[in-house]
Amino acid sequence: DARRKIPAELYSEKETVANLLNEHRQTIERLASLSELRPSARPLSQEGGAMRALPDYSLKLVLADAVDAEAERARLRKELQKLEKELSSLRHQLDNEQFLAKAPRQVVVHLRARREEVATQAAKIQDTLHKLGG
């Protein structure tokens with residue numbers, strides 16, 4: 001839900017970053033639509049959120065409260081089934097020697113590229129499902 005505010009955590013070893021956070025916390029929270037921005041005394045783990053590490057600091061959006069994990073797993077499973085069906089169809093076409101002999105070269109190149117794209121998307125979804133525990 002785009003309107004739902006979520007918490008974030010920030011870790012930095014630099015005192016200047018910590019000072020900026022303390023001085024401008026409310027403004028950052030409002031502009032970023034955060035429910036809160038918490039400083040962290042320890043390096044952040046990637047568990048339970050989306051993290052961005054930059055040279056001066058690391059920022060983690062805590063997604064545990066923002067995402068209905070079961071609904072997201074169901075959505076991802078449905079998407080994965082769709083991709084697997086498409087992948088099966090593409091493999092079937094590309095394994096058909098008669099089709100390959102008759103099809104224009106551009107069509108075959110497009111199908112091979114699409115097969116790789118779908119396989120990559122499916123792998124990403126499987127990885128996300130694994131991270132969500134499903």
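Me: Which backbone oxygen does the side chain of K60 reach?
Reply: In this predicted model, the side chain of K60 reaches the backbone oxygen of S45, at 3.1 Å.

Me: And where does K60 lie?
Reply: K60 lies in strand β4, the strand that covers residues 58-62 and is joined by five bridges to strand β3, residues 49-53.

Me: What else is K60 in contact with?
Reply: Leaving aside neighbours within four places in sequence, K60 is in contact with P7, A8, E9, L44, S45, E47, G48, G49, A50 and M51.

Me: Which salt bridges does E9 take part in, then?
Reply: E9 is linked with E36 and R38 in a network of salt bridges.

Me: Back to the strands: do β3 and β4 run parallel or antiparallel?
Reply: They run antiparallel, and they form a hairpin with four residues between them. As one example of the pairing, the bridge partner of R52 is L59 in β4.

Me: Which residue in the loop between β3 and β4 pairs up with a distant part of the chain?
Reply: That residue is D56, which forms a salt bridge with K14, the closest N and O atoms being 3.0 Å apart. The pair links distant parts of the chain, since K14 sits in the loop between β1 (6-11) and α1 while D56 sits in the loop between β3 and β4, 42 residues apart.

Me: How accessible are K14 and D56?
Reply: K14 is partly exposed, with a relative accessible area of 40%, and D56 is partly exposed as well, with a value of 35%.

Me: How many salt bridges does the count come to?
Reply: The count comes to nine salt bridges. Among them is the one between E117 and R114, whose side chains meet at 2.6 Å, N to O, and another joins R115 to E116, where the closest N and O atoms are 3.6 Å apart.

Me: What does helix α4 look like overall?
Reply: Helix α4 covers residues 105-131, which makes 27 residues, and it reaches 39 Å from its first C-alpha to its last, close to the 39 Å expected at 1.5 Å a residue. Just after α4, G133 takes a positive phi of about 80°.

Me: Which residues of α4 are buried, and what do they pack against?
Reply: V108, L111, V118, A122, I125 and L129 are buried in α4, and the buried residues of this helix pack against α2 (69-95) and α3 (97-102).

Me: What about α2, how far does that one reach?
Reply: Helix α2 has 27 residues and reaches 38 Å from its first C-alpha to its last, close to the 39 Å expected. Its buried residues are R73, L76, L80, L83, L87, L90 and L94, and what covers them includes α3 and α4.

Me: Which residues is Q93 in contact with?
Reply: Leaving aside neighbours within four places in sequence, Q93 is in contact with F99 and L111. Q93 has its place in helix α2 and is partly exposed, with a relative accessible area of 28%.

Me: New topic: what is phi of S33?
Reply: Phi of S33 is near 55°, a positive value in a residue other than glycine. In general, most residues other than glycine have a negative phi. S33 lies in the loop between α1 (15-31) and β2 (34-40), and at 36% relative accessibility S33 counts as partly exposed.

Definitions and conventions:
Residues numbered from 1 in each chain as written. Predicted model: local features only at pLDDT ≥ 70, side-chain atom pairs only at ≥ 80, totals over all residues. Heavy atoms only, no water. Pairing = 2+ DSSP bridges. Helix = DSSP H or I, 4+ residues; strand = E, 2+ residues; numbered from the N terminus. Expected span 1.5 Å × (residues − 1). Buried < 20%, exposed > 50% of the residue type's maximum accessible area, 1.4 Å probe, protein only. Contact = heavy atoms within 4.5 Å. Polar contact = N/O pair within 3.5 Å; in protein donor to acceptor, adjacent residues only side chain to side chain. Salt bridge = Lys/Arg side-chain N within 4 Å of Asp/Glu carboxyl O.
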